[in-house]
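Student: Before we look at any particular case, could you take me through the features one at a time, giving the general idea and then the example?
Tutor: Gladly; let us begin with the model itself.

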Amino acid sequence: MDAPDSPDADAADAADAVGRSHDRDRDPDGMLAEQLLRLTRRLHRIQSRQLEPIGITPAQFRLLRTVASYDAAPRMADLAQRLDVVPRAVTTLVDALEASGRVRRAPDPDSRRVVRIEITDEGRATLRSLRNARRAAAEEILAPLTADQREVLGGLLSALVDGMPERRC
């Protein structure tokens, strides 16, 4: 994989652009899907660059945000379902976040077999830093748009997200 915002990544994006105007005429929905994928890759590269100094990956950030969104400490299975990933992926992310002191495993008071994931004070502090990094990444991506265009884009993205059928693991 190319380094974040590397010349190779930019060259690959430019190479993808070569046949786009011709493809747009033949397959407008396919073109929209490709544009969304390219934008997602670009946002991921920018966000990774913003998160690197904090020492966390985008996937770890997503898990940390998800843990913090619960009123009570969630089970690993709850996290896997909410994140739409396999439980093993959650275990790997929790292992890394626990090693850095951002979350901790805690026994469930009602079942010895259940482990709950709690966010620590370090995790909360990290989230505050990460929210600033996320805003900076979003600002970089959205910089070419006016406030009105951002509002329209937000509405369109909401319509797409809200219209998606819910998937189950």
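Tutor: A residue is called buried when its relative accessible area is under 20%, exposed when it is over 50%, and partly exposed in between, with a 1.4 Å probe and protein chains only. This is a predicted model, in which local features need pLDDT of at least 70 and side-chain atom pairs count only at pLDDT 80 or more, whereas totals for chains, interfaces and linings use all residues. Residues are numbered from 1 along each chain as its sequence is written, and side-chain values use heavy atoms, with hydrogens and water left out.

Student: Is D78 buried or exposed?
Tutor: D78 is buried, since its relative accessible area is 18%, while R75, at 32%, counts as partly exposed.

Student: Which residue forms a salt bridge with D78?
Tutor: A salt bridge is a side-chain nitrogen of Lys or Arg within 4 Å of a carboxyl oxygen of Asp or Glu. Here R75 is the partner of D78, with the closest N and O atoms 2.7 Å apart, and the structure holds 9 salt bridges.

Student: Which residues are linked in a network of salt bridges?
Tutor: The network links D95, E98 and R105. Within it, the side chains of R105 and D95 meet at 2.6 Å, N to O. This pair links distant parts of the chain, with R105 in strand β1 and D95 in helix α6, 10 residues apart. R105 is partly exposed at 28% relative accessible area, and D95 is also partly exposed, at 35%.

Student: What sits over the ring of Y70?
Tutor: A charge sits over a ring if NZ of Lys or CZ of Arg is within 6 Å of the ring centre and within 35 degrees of the ring normal. The charged end of R82 sits over the ring of Y70, 4.2 Å from its centre, and that of R65 sits over the ring of F61, at 4.8 Å.

Note on methods
Helices (H or I, at least four residues) and strands (E, at least two) are DSSP runs, numbered from the N terminus.
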